[in-house]
Amino acid sequence: MIEGVSSNIQALSAIGVSQAVTANNVANVNTDGYQTARVTLETGQGGTGVSVQEVARDQTPGPVYFENRPEETEDGVSQSYTAVEASNVDLPVQMVRMLLDHNAYSANIAAIRTQDELVGSVLDMTA
């Protein structure tokens, strides 16, 4: 396989991980206490391609809201409020990450197509 193509395929894999993590964040936007995950990418081995360096959680606390939890007592129902930490998922940030992943994925696909066409042209000339 051509070295450039393998670098692009490696990048597609890393971008796929990033997109999956972002999709998981969006799916958990309404899950109390959920902490956003973030993918850090790095240059691949030998200075080519892209690979996943780490997937880490954002420890920033989410907003706190108070949930009304009525409790029955001997003389009737009393009101009880409990502090609940919401998720710290920021949807606009997640949408931007999805767009960046989409554009990076498209650019790598275009590079693979171009390399394929170039190799095809060279082979056609030698035949």
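This is a predicted model: local features need pLDDT of at least 70, side-chain atom pairs count only at pLDDT 80 or more; totals for chains, interfaces and linings use all residues.
Student: What is the volume of the largest pocket, and which residues are closest to its centre?

Tutor: The largest pocket has a volume of about 170 Å³. Its lining comprises 14 residues. Those closest to the centre are S18, T22, V39, R97 and D101.

Student: Which elements give two or more residues to the lining of the largest pocket?

Tutor: By class, this lining has 7 nonpolar, 4 polar and 3 charged residues. The elements that each supply two or more residues are helix 1 (3-27), strand 1 (37-43) and helix 2 (91-126).

Student: Which side chain of opposite charge is nearest to R97, and how far away is it?

Tutor: R97 belongs to helix 2 and is buried. A salt bridge requires a side-chain nitrogen of Lys or Arg within 4 Å of a carboxyl oxygen of Asp or Glu. R97 has no salt bridge. The nearest side chain of opposite charge is D58, at 6.8 Å.

Student: Which residues is R97 in contact with, leaving aside neighbours within four places in sequence?

Tutor: R97 is among the residues closest to the centre of the largest pocket, and its own position is in helix 2. With neighbours within four places in sequence set aside, its contacts are Q19, T22, T36, A37 and R38.

Student: Is S18 buried or exposed?

Tutor: S18 is found in helix 1. Not counting residues up to four places away in sequence, S18 touches V39 and D101. Its relative accessibility is 10%. Because buried means under 20% relative accessible area, S18 counts as buried.

Student: How far apart are the C-alpha atoms of S18 and I109?

Tutor: Along the chain, S18 and I109 are 91 residues apart.

Student: Which residues does L12 contact, leaving aside its neighbours within four places in sequence?

Tutor: L12 has its place in helix 1, and at 12% relative accessibility this residue counts as buried. L12 and R38 are 26 residues apart in sequence and 17 Å apart from C-alpha to C-alpha. Apart from neighbours within four places in sequence, the contacts of L12 are Y105, N108, I109 and I112.

Definitions and conventions: Residues are numbered from 1 along each chain as its sequence is written. Side-chain values use heavy atoms; hydrogens and water are left out. On a 1 Å grid over the protein atoms alone, a cavity is a set of points where a 1.4 Å probe fits but cannot get out, and a pocket is an open set with protein on both sides within 12 Å along at least five of seven lines; lining residues have an atom within 4 Å of a point. Grid points are joined across faces, edges and corners, and a volume is the space filled by probe spheres set on the points. Helices (H or I, at least four residues) and strands (E, at least two) are DSSP runs, numbered from the N terminus. Ala, Val, Leu, Ile, Met, Phe, Trp, Tyr, Cys and Pro count as nonpolar, Asp, Glu, Lys and Arg as charged, and the others, Gly among them, as polar. Buried means under 20% relative accessible area, exposed over 50%, partly exposed in between (1.4 Å probe, protein chains only). Lys and Arg count as positive and Asp and Glu as negative; His and the chain ends are not counted. Contact means heavy atoms within 4.5 Å.
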